[in-house]
Amino acid sequence: MNIILIILIALIFPGIINISRSKLSGRKGPGLLQPLKDMLRLFRKGSVYSRTTGILFRITPTISLACVLCAALVLPIGSSKALISFDGDFVFFIYLLGLGRFMSIVSALDTGSSFEGMGASREAHYGMLAEPAFLVLSGSFILYTGHYSFNEIFAALRDGTGFAYGIGIMSAFLIFLFSLVETCRVPLDDPRTHLELTMIHEVMILDNSGFDLGLIHLANALKFAVFGTIIADLFLFDMSPTASFVIFIGIQAIYAITVALMESFMARFRMNHNPQFILTLTSLAFLIFVGILLYLDK
Amino acid sequence: MYQATGTVNIEQLGGLSKKIPYTTAFFIIGAIAICGLPPLNGFISEFIIFSGLFHAIQSLGISEAFSFVLIIAALALIGGLAILCFTKAFGIVFLGSARKPLPKEPVEAGAIKRIPMFILTALIVFIGLFPAQIISIMRAPLNSFVKGADTDAFVSSFSGTLISVSGISAIFAGAVIFILFIRWLVQRNVSIEASETWGCGYVAPNTRMQYSANSFARTFRKLFHPLVFVKKNKISIDDVFPQQSYSYKSHSSDRIEDRLISAPLGKLLQFIGRFRIFQNGNTQSYLMYAFLFIIIVLILGFFK
């Protein structure tokens, strides 16, 4: 049930970003479903494969999509529990996204291109720097709640105290920035520029076409919906299914609009400033951790 | 690798996946496992370590909790580093196309050489998919190490978690197969073409223009600049049409290894080298050393 909702959100998520961006720059903009139509068009198209590439290049988009889909399986939505839940499922979650990253780096190198290795190198580098932030944040949640799985952590985190709200807001901010690293958006990378030297994600998929490119776009949209679900889970208190459904959609929409705001009013960082930015995420996570330690007064 | 190609310099290799496909498959499965990624055995090990660390955060005091969270951050960083390292090694050596002519044409390992690699790979996959079975085998050795602790209760509670892990790994494998099946259904009816790698408009790329291992690690090297020393011979070419050929070389080395290990070790070897005159290969001299040794021992025994 949850997974279907997340997939549906993912299908319109890029549309919301595009519409908000158009409105902010005074354009009429494409329809909400335009990115979805683009994906469907790609699914029907033929493909061109480079002669240099092998089987890895062909299966990577499939594996990437499967990684994000399975990562979404461990996420609850409010009081609706995750399909699969076990102690330490957040470790599985983040390492599955890591597998997706590993495969996309390898696939970029499979083309033997003079450009794609550049994106691959940056992806490996930024992923390495961002991962500690997520695990330290999970550590903070465990410290506060005493539970070890997404289901129980989120249920116990929403205890209604002011401090829990504080953690929720700080963590939502952290997850938001983390998702920008994972999905390669402004301010780390600008998906709209097609200048190869400044890109991370777009340069890695230069050679993908047709069905595979559609899968990659779908996986990227799903990543947004997955992180949006985590943010929403921080705030979905026990309430009726209808109310939590409305709030869930609302938070996802706010998330998409915030991404669009960033893209409209912020410039991309210089490439060599990105590591500093990503390291601030980890320090923010440590800050949350220390805050909880002091609050609990162990 | 060395037996197949005759070189261990990864900058000279490339495109081996087409020449030695079996070794390539074994290598990438090993690489994914060593990066600790699911659904292979490396992830199970990493998962067990993380479980322990997270439990420690929850159950111990303030200073322990803080040191354990530092360990968690370090372990996550190491995981990312492993991905950087092994995508580099695998990508440069096996993927793309050959960068330089090799000393000898690479040949696939024979059947007998492949068997051990196959057994190891099969174990990697098996442990990754069925960790609960392995952890119950580990129970007896665990008992002999941890005295007094209730390892049986721990193992049986933890294997429940591991069964969930193998369940979701199975779902993952199912999802991959399902999407591949749809991909096959859809792609049956559309045109699939083969072409050159997109060179962004440049039409005459050659294989030496591929991304190299050195450049792949560059962003990382810049970040850890104080620790990694890079030797470059910088040449500036001033004339528009250079008359002679130039060569460029760069080599990065680990400063900690250089200063703390190699340098003192070199000094020590130099000092010990002074005694090399005794080892002159002359049997008579060796007999004399033995004779002198016995006499010294006898004298010392006499004075005791």
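About 6,600 Å² is buried between chain A and chain B, 75% of it from carbon and sulfur atoms; buried area is the accessible area (1.4 Å probe) that two parts lose on being put together, summed over both. The model is predicted, so local features need pLDDT of at least 70 and side-chain atom pairs pLDDT 80 or more, while totals for chains, interfaces and linings use all residues. Residues are numbered from 1 along each chain as its sequence is written, chains are lettered from A, and side-chain values use heavy atoms, without hydrogens and water.

**Interface**
- Contact (heavy atoms within 4.5 Å) joins 76 residues of chain A to 73 residues of chain B.
- Tyr95(A), Phe102(A) and Met128(A) supply 11% of the area that chain A buries against chain B, more than any other three residues.

- Helix 4 (residues 89-110) of chain A packs against helix 2 (residues 21-34) of chain B at about 140°, with axes 11 Å apart; helices are DSSP runs (H or I, at least four residues) numbered from the N terminus, and axes are lines fitted to C-alpha atoms over the stretch in contact, with angles from 0 to 180 degrees between N-to-C directions.
- Leu99(A), Phe102(A), Met103(A) and Val106(A) meet Ile28(B), Ala31(B) and Ile32(B) in this contact.
- By class, the contact has seven nonpolar, no polar and no charged residues; Ala, Val, Leu, Ile, Met, Phe, Trp, Tyr, Cys and Pro count as nonpolar, Asp, Glu, Lys and Arg as charged, and the others, Gly among them, as polar.

Terms used: Helix = DSSP H or I, 4+ residues; strand = E, 2+ residues; numbered from the N terminus.
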